[in-house]
Amino acid sequence: MKALVIEDDQDVANYLVKGLKESDFVVDHAADGKEGMVMAASEEYDVMIVDRMLPGMDGLSIIKTVRATGNQVPVLILSALGDVDDRVEGLRGGGDDYLTKPFSFTELLARIESLIRRNRQAAETETVLRVADLEMDLLARTVKRAGQNIDVQPREFRLLEYLMRNAGQVVTRTMLLEKVWDYHFDPQTNVIDVHISRLRAKIDKEFETPLLQTIRGAGYMLRETA
Amino acid sequence: MKLLSQLRTSSFQLALLYMVVFATSVFLLLAFIYWRTAGFMAAQTDETIEAEIAGLAEQYRGRGVNGLITIIRERVARDPNAKSIYLLTTDDFLKLAGNIGSWPQNARADSGWINFTLDESVGWMGPQRLARARIFEVQGGLRLLVGRDVDELTNLKRVIEAAINWGMGITLALALLGGFLMSRGTTRRIEVINNTSRRIMNGHLSLRIPTRGTDDDFDQLAENLNRMLDRIVYLMEGIRHVSDSIAHDLRTPLTRLRNQLEHTLMSVDNDEAREQAGRAVAEADQLLSTFNALLRIARLETRGNTADMKSVSLDELVTDACELYEALAEDKEQNFEQDLEPGVLIEGDRDLLFQMVSNLIDNAIKYTPERGTIGVSVRKEGAEAIFEVRDSGIGVPDDEKEQVFQRFYRVGKSRSLPGNGLGLSLVSAVAEIHQGQIILSDTYSDRSPPGLTVTVRMPAFTGVLKRIRAAQAELPAQAPEAGTSESSEAG
């Protein structure tokens with residue numbers, strides 16, 4: 001997979017490039033807006049990570065220009081500005097996701113992987129999601145594990161659906177709040193953990209292999225354990 | 001109401017004062033004119049009478065009493081309609097000559113000036129006319145009266161008096177009207193300044209007071225106020241710039257610190273080292289979240305309420321928050337009650353409101369012991385949308401209720417509980433943006449612990465409702481209209 005990083009802070013850029021390479025990405029890096037714009041226009045990428053404040057040309061202008069050419073590459077905006085309005089402005093400007101500095105690398109990786117995946121899935125219309133012996137019917141809105149019906153609440157259904165769509169990838173708590181609950185806010189307590197443990201009780205408790213795992217310092221992952 | 005407030009303005013009162021001065025001047029001027037005119041006419045009458053007397057005296061000196069009688073008869077005969085009045089009588093008021101029938105009743109004195117009315121008996125003069133005369137005792141026991149009919153003059157005087165009265169009245173009316181109109185012009189310009197200032201205070205900092213370009217005193221005032229606003233905006237941008245700089249300059253090294261810790265966490269094999277690195281990452285996250293919350297509050301407080309405000313359904317938002325937090329309450333076996341009135345709209349920022357609501361519910365759950373009671377309600381009271389969280393927790397002592405909104409403030413017993421002391425500061429900043437008011441009170445007045453009730457009152461959003469009502473009014477069916485009026489009464 002190919003990623004373009006447009007970031008002027010050398011340390012953040014190095015860290016990003018190093019981390020992405022370790023996660024099997026091919027990474028191009030541009031240190032200013034104009035250079036980044038030229039690279040975005042001449043190459044095809046699976047994902048772009050764009051800092052909002054850049055010398056030469058600011059991040060939002062780059063995204064607008066890229067979108068104007070019909071290029072639908074997923075874009076994650078990085079910014080030191082964390083206000084809700086800044087975020088809304090960034091997403092309206094054509095960004096697919098927004099991450100405020102400082103961010104943890106796992107959060108960034110989780111988000112760009114989810115973006116890439118969503119971009120690929122957009123074409124397909126699945127009606128049944130499967131992870132190991134866990135099965136979700138999106139039309140009938142039923143969940144089964146090993147053929148056994150599992151009764152879930154509507155919100156739990158959405159939570160599980162999101163986890164299943166991102167199976168095998170780390171999903172952070174903030175991502176869950178944003179994508180499943182659809183609110184962007186900072187909870188004072190890890191209220192998500194309570195919902196995860198309830199979901200876990202339903203899908204994992206009576207079965208031998210746990211699917212829903214906690215990743216320390218990062219979030220959760222739904223996967224078939226080896 | 002509007003008229004009353006107009007009358008209370010200082011510019012109208014100034015105009016009123018000017019009106020009093022002006023009316024007094026006009027009154028004095030008219031009084032002077034009246035005094036001069038009436039005085040002149042009276043003097044003229046007296047002079048004419050004196051001249052007549054002089055003529056008669058000459059005749060009397062030359063020809064005696066008979067000559068006097070003759071000349072009086074001649075004069076009366078020459079012009080029976082003249083304004084002159086003559087009467088010569090004996091000592092006991094028997095008429096010898098003259099053009100009036102009898103001596104005036106009120107003039108029994110021997111000599112001097114008199115005013116009297118002419119009787120109908122004087123055929124040619126018609127009823128009740130005013131006259132002025134001088135009376136004498138002529139040598140030989142005769143009495144003489146020489147006068148003039150001043151009825152027309154009196155009428156003229158009355159006309160002048162009436163004109164003066166009307167003139168005063170019209171002057172007063174015009175002055176009042178003029179004062180009202182003039183002050184209204186001024187009041188309107190002041191009103192423009194007031195309205196603009198109010199909107200600026202509500203957060204529309206980019207607004208400026210309009211000027212006419214005439215460079216008059218109001219324009220100068222407006223320009224000075226505008227310059228002051230520019231200065232304020234400049235200073236506020238300074239604050240914003242500083243906080244942005246802090247965000248940019250301090251959060252970046254913090255990122256690096258956290259990322260290095262994270263890298264350590266991922267790369268070490270030793271379980272104990274991982275445990276420690278994990279704790280360090282959590283500590284760094286806590287530090288960063290405190291730092292973020294501080295910056296967020298600072299930014300919310302300086303930005304005003306111009307942000308991304310949309311119509312938000314408060315009851316739906318609180319339903320979502322309850323759904324998210326109910327699980328937390330259930331884990332503490334707390335009784336979680338919800339009373340959410342549907343259709344309560346406010347104008348606001350959805351994410352910020354959710355932050356506020358969730359912070360308050362989170363606090364209630366955190367500070368209420370196991371098996372306690374939490375109550376969340378949303379309702380509309382008149383033009384206000386109300387969000388309320390009740391709990392049966394430790395509560396906040398009365399003397400600390402004001403202080404809990406300060407940054408880093410923790411109520412005595414809560415210091416041991418997790419949290420950064422910024423939750424309520426953030427709540428307060430969000431409420432401020434939504435023109436909301438936060439009231440803290442005890443849930444139970446007769447119980448210990450008293451619990452805490454937090455009530456947030458925000459202006460309800462009515463724009464959509466108005467549109468719905470307008471749409472319903474256009475429908476021919478009556479049912480929806482009836483429904484609307486009922487619901488408006490209920491609200």
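Chain B has a mean pLDDT of 81, with 86% of its residues at 70 or more. The structure described here is a predicted model, and for the complex the predictor reports an ipTM of 0.83 together with a pTM of 0.60. One stretch of chain B calls for caution in reading: across residues 476-491 the pLDDT stays under 50, and the model has seven contacts beyond four places in sequence for this segment.

Chain A holds eight helices and 12 strands, and 40% of its 226 residues are buried. Among the contacts in chain A with a separation of 6 or more, 53% are between residues 24 or more positions apart. Chain B contains 10 helices and 12 strands. Of the 491 residues in chain B, 25% are buried. For contacts in chain B between residues at least 6 apart in sequence, the share that joins residues at least 24 apart is 62%.

Next comes the contact between the chains. Chain B contributes 39 residues and chain A contributes 32 residues. On the side of chain B that touches chain A, two or more residues come from each of α4 (217-267), α5 (271-303), α6 (314-331) and α7 (350-366) of chain B. Helix α4(B) supplies the largest share of that side, with 12 residues. Sorted by class, the side of chain B that touches chain A comprises 13 nonpolar, 12 polar and 14 charged residues.

Of its 17 residues, 16 are buried, so α7(B) is largely enclosed by the rest of the structure. The length of α7(B) also agrees with expectation, because 17 residues at 1.5 Å a residue should span 24 Å, and the end C-alpha atoms are 24 Å apart.

The largest nonpolar core has 108 residues, of which A:Ile49, B:Val357 and B:Val430 touch the most other members. Leaving aside residues up to four places away in sequence, B:Val357 touches B:Leu317, B:Val318, B:Ala321 and B:Phe387. Another core lies apart from the largest one; this core has 16 residues, including B:Leu56, B:Ile85, B:Ala133 and B:Val150.

In chain A, strand β6 (residues 128-131) and strand β7 (residues 134-137) pair in the antiparallel sense, over four bridges. Within this pairing, A:Val128 stands opposite A:Asp137 in β7(A). Two residues lie between the strands of this hairpin, and A:Ala132 takes a positive phi near 50°. In chain B, strand β1 (residues 84-90) and strand β2 (residues 95-98) run antiparallel and are joined by three bridges. Here B:Thr89 is placed opposite B:Lys95 in β2(B). The hairpin of β1(B) and β2(B) has four residues between the strands, and B:Phe93 in this hairpin takes a positive phi near 65°.

Positive phi values also turn up in loops. As background, most residues other than glycine have a negative phi. A:Arg141, which is not glycine, has a positive phi near 55°. The position of A:Arg141 is in the loop between β7 and β8 (142-145) of chain A. A:Arg141 has 11 other C-beta atoms within 10 Å, so this residue is exposed. In chain B, B:Glu333 likewise is a residue other than glycine with a positive phi, near 55°. B:Glu333 sits in the loop between α6 and β7 (335-340) of chain B. With 10 other C-beta atoms within 10 Å, B:Glu333 is exposed.

A:Arg120 counts as exposed because it has 11 C-beta neighbours inside 10 Å. Along the sequence A:Arg120 and A:Asp46 are 74 residues apart, while in space their C-alpha atoms are 9.8 Å apart.

Terms used. Residues numbered from 1 in each chain as written. Chains lettered and ligands numbered in written order. Predicted model: local features only at pLDDT ≥ 70, side-chain atom pairs only at ≥ 80, totals over all residues. Core = buried A, V, L, I, M, F, W, Y, C linked by C-beta atoms within 7 Å. Buried ≥ 20, exposed ≤ 12 C-beta atoms within 10 Å, placed from the backbone. Contact = placed C-beta atoms within 7 Å. pLDDT = per-residue confidence, 0-100. Nonpolar A, V, L, I, M, F, W, Y, C, P; charged D, E, K, R; others polar. Expected span 1.5 Å × (residues − 1). Pairing = 2+ DSSP bridges.
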